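We will go from the whole chain to single residues.

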Amino acid sequence: TYCAPGSWAALTEATGAWVDAVAMAAKSEGPAFALARPPGHHATARMAMGFCLVNFACAAVRSHLDSAAPAPGSSESVEI
């Protein structure tokens, strides 16, 4: 996986878009969509792979679970 001078800025912006989309969906603020390429499905928690530097979906869900108080009677699960 190659990095260019703008890679860090691009991936932090893309991760932020996913985090915002998950937060909006969790609050039922309408449909939410984050378009970020590549989607990050090859990245692991410790390694970038296949042009994916960050797994955006996992980062967004982890951010949501870490910041949200669970609703009474709900589980800490998220469907992706």
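The tour below goes step by step, with something to select at each stop.

**Whole chain.** Start with everything selected. This is a predicted model. The chain has 80 residues, and 21% of them are buried. Its secondary structure is two helices and zero strands. Take contacts between residues at least 6 apart in sequence: 38% of them join residues at least 24 apart.

**The core.** Which residues form the largest nonpolar core? Select Ala14, Trp18, Ala21, Val22, Ala34, Ala36, Phe56, Ala57 and Ala60; these nine residues make it up. Colour the helices next. Both α1 (7–26) and α2 (56–67) supply at least two residues of this core. The largest share, four residues, comes from α1. In soluble globular proteins, nonpolar side chains tend to be buried together.

**Ala36.** Stay in the core and pick Ala36, one of its members. What does Ala36 touch, leaving aside its neighbours within four places in sequence? Show Ala14, Trp18 and Phe56: Ala36 is in contact with each of these.

**Thr15.** Move to helix α1 and select Thr15. Is Thr15 buried or exposed? Its relative accessible area is 15%, under the 20% cut-off, so Thr15 counts as buried. Now display Val54, Phe56 and Ala59. Thr15 is in contact with these three, again leaving aside neighbours within four places in sequence. Keep Phe56 on screen to finish: Thr15 is in contact with Phe56, and Ala36 is too.

How values were computed: Residues are numbered from 1 along each chain as its sequence is written. This is a predicted model: local features need pLDDT of at least 70, side-chain atom pairs count only at pLDDT 80 or more; totals for chains, interfaces and linings use all residues. Side-chain values use heavy atoms; hydrogens and water are left out. Buried means under 20% relative accessible area, exposed over 50%, partly exposed in between (1.4 Å probe, protein chains only). Contact means heavy atoms within 4.5 Å. A nonpolar core is a set of buried Ala, Val, Leu, Ile, Met, Phe, Trp, Tyr and Cys residues joined through side-chain atoms within 4.5 Å.
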